[in-house]
Structures are given as C-alpha cells and as structure tokens.
Amino acid sequence: PFLLQVPPFLETFKAAMPFVDVYFGNEDEAAALSTAMDWNLTSLPDIATKLARTPGKANSRPRTVVLTHGSEPTVVAIGDASRLWMLAEFP
C-alpha cells in the first residue's frame with residue numbers, strides 16, 4: 001500500500017503540505033492521493049491542479065506539481081494553470 005493509505009502517514013502528509021513548493025509523483029501515487037483526500041478525481045491534470053491549488057503558507061510563489069505517467073505525457077500544474085508536457089521518446 002501507499003503511505004497515504006495509512007492514517008498516521010496521511011495526517012503527517014497533510015500537515016507537511018502547506019510547506020511544499022514542488023511536488024513530484026506518478027499516476028499511481030496521484031490516484032492514491034485523490035482517494036485519501038476524498039477528492040474523487042481520476043484525471044491526472046485534475047489531480048495536479050487540485051493539489052497545486054491547495055492552501056500553502058503565505059509566500060509569493062505558487063505550488064508546482066509534476067505527475068509522471070510512464071511514456072504518457074507528464075502533467076505539470078503551477079498554481080491555477082495546468083499544462084501537458086509531451087516527452088520525447090528516446091531509443
């Protein structure tokens with residue numbers, strides 16, 4: 001199981017998130033996060049945008065969220081904006 005599926009670790013994650021400026025994860029971790037937070041989101045761009053918009057400590061820069069998906073496009077959400085980045089395939 002993912003750490004976010006264990007209640008004490010989920011609470012620690014929630015307590016730490018206001019201090020996170022950059023978050024990296026993959027599609028499975030994003031799905032576990034969405035379920036643990038009761039967001040009921042399945043789309044990587046939606047999960048990334050929701051996490052990027054969660055409140056943080058007062059600072060001047062928005063949170064950046066990067067979610068990878070194997071050979072599929074990587075999702076990057078910065079504050080309120082979400083963009084898909086296409087990765088070049090390397091032999």
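1. Is Glu 11 buried, partly exposed or exposed? In this predicted model, Glu 11 is partly exposed, with a relative accessible area of 47%. Its salt-bridge partner is Lys 14, and the closest N and O atoms of the two are 3.8 Å apart. Lys 14 is likewise partly exposed, at a relative accessible area of 35%. Both residues belong to helix 1 and are three residues apart, about one turn of the helix. An α-helix has 3.6 residues a turn, so residues three or four places apart point the same way.

2. The whole structure contains two salt bridges. Asp 21 is partly exposed, with a relative accessible area of 23%. Arg 61 has a relative accessible area of 53% and counts as exposed, because exposed means over 50%.

3. The overall arrangement may be described next. The protein chain has three helices and four strands, and from the N terminus these elements follow the order α-β-α-α-β-β-β. Of the 91 residues in the chain, 31% are buried. The accessible surface amounts to about 6100 Å², and carbon and sulfur atoms account for 60% of that surface. Of the contacts between residues at least 6 apart in sequence, 44% join residues at least 24 apart.

4. Which residues have the most contacts inside the largest nonpolar core? They are Tyr 23, Leu 33, Leu 51, Val 65 and Leu 67, in a core of 18 residues. Helix 1, helix 2, helix 3, strand 2 and strand 3 each supply at least two residues of this core. Helix 3 gives the most, namely five residues. Tyr 23 touches several residues beyond four places away in sequence, among them Phe 13, Leu 33, Leu 51 and Val 65.

5. The strand pairing deserves a separate point. Strand 1 and strand 2 run parallel and are joined by five bridges; Val 22 has Thr 64 of strand 2 as its bridge partner. Strand 2 and strand 3 run antiparallel, also with five bridges between them, and Val 66 stands opposite Val 76 in strand 3. The hairpin formed by strand 2 and strand 3 has two residues between the strands, and Gly 70 takes a positive phi near 60° there.

6. At the start, a side-chain oxygen of Asn 26 comes to within 3.0 Å of the backbone nitrogen of Asp 28. Within the helix, Ala 30, Ala 32, Leu 33, Ser 34 and Ala 36 are buried. The buried residues of helix 2 pack against helix 1, strand 1, helix 3 and strand 2. Just after helix 2, Asp 38 takes a positive phi of about 60°.

Methods: Residues are numbered from 1 along each chain as its sequence is written. This is a predicted model: local features need pLDDT of at least 70, side-chain atom pairs count only at pLDDT 80 or more; totals for chains, interfaces and linings use all residues. Side-chain values use heavy atoms; hydrogens and water are left out. A nonpolar core is a set of buried Ala, Val, Leu, Ile, Met, Phe, Trp, Tyr and Cys residues joined through side-chain atoms within 4.5 Å. Buried means under 20% relative accessible area, exposed over 50%, partly exposed in between (1.4 Å probe, protein chains only). Contact means heavy atoms within 4.5 Å. Accessible areas come from the Shrake-Rupley method with a 1.4 Å probe; for residues, only the protein chains shown count as cover. A salt bridge is a side-chain nitrogen of Lys or Arg within 4 Å of a carboxyl oxygen of Asp or Glu. Two strands pair if DSSP finds at least two bridges between them. A polar contact is a pair of N or O atoms within 3.5 Å; within protein, one must be able to donate a hydrogen and the other to accept it, and residues adjacent in sequence count only if both atoms are side-chain atoms.
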